[in-house]
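Colleague: Before I rely on any label attached to this model, I would like to hear what stands behind it.

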Amino acid sequence: MGILAALLIGAIAGWLAGLIVRGAGFGLIGNIVIGIIGALVASWLFPRLGISLGSSGIRDIVNATIGAVIVLVILSLIRR
């Protein structure tokens, strides 16, 4: 995946995760970073759990969003 595609998927995933986890957004740049970290978390976690959502661009966004939600929940717990 190219760097531009990773940034775009990270931005979309971070934005969606910010909508899902209310009050845990970090602005545009922070959401991109959270989305990219979420994609890394999901790409590590899902194969270990035996979860496979197919192979497409939509799958990448869904995986990254789920990973970003996990990261945002953990960060919101740490902030408290």
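This is a predicted model: local features need pLDDT of at least 70, side-chain atom pairs count only at pLDDT 80 or more; totals for chains, interfaces and linings use all residues.

Colleague: Where does UniProt place the feature "transmembrane region", and what is the helix content of residues 28-46 and of residues 58-78?

Modeller: The unreviewed UniProt entry places the feature at residues 28-46 and 58-78; such positions follow the numbering used here, feature names are shortened, and annotations may be inferred rather than shown by experiment. Helices are DSSP runs of H or I with at least four residues, strands are runs of E with at least two, and both are numbered from the N terminus. By that rule residues 28-46 are 100% helix and 0% strand, with end C-alpha atoms 26 Å apart, and residues 58-78 are likewise 100% helix and 0% strand, with end C-alpha atoms 30 Å apart.

Colleague: Why is N63 called buried?

Modeller: Buried means under 20% relative accessible area, exposed means over 50%, and partly exposed lies in between, using a 1.4 Å probe and protein chains only. N63, found in helix α3, has 14% relative accessibility and therefore counts as buried. Leaving aside residues up to four places away in sequence, N63 touches G38, A42, F46 and L53, where contact means heavy atoms within 4.5 Å.

Colleague: What makes a set of residues a nonpolar core, and which residues form the largest one?

Modeller: A nonpolar core is a set of buried Ala, Val, Leu, Ile, Met, Phe, Trp, Tyr and Cys residues joined through side-chain atoms within 4.5 Å. The largest has seven residues, A17, V21, I34, A68, V69, V71 and L72, and its largest share, four residues, comes from helix α3 (residues 57-79). A68 touches A13, A17, I34, G35 and G38, again not counting residues up to four places away in sequence.

Colleague: How do you know which residues line the largest pocket?

Modeller: On a 1 Å grid over the protein atoms alone, a pocket is an open set of points where a 1.4 Å probe fits, with protein on both sides within 12 Å along at least five of seven lines, and lining residues have an atom within 4 Å of a point. About 320 Å³ of space lies in the largest pocket; of its 19 lining residues, the closest to its centre are A39, A42, S43, D60 and N63. Helix α2 gives the most to this lining, with seven residues.

How values were computed. Residues are numbered from 1 along each chain as its sequence is written. Side-chain values use heavy atoms; hydrogens and water are left out. Grid points are joined across faces, edges and corners, and a volume is the space filled by probe spheres set on the points.
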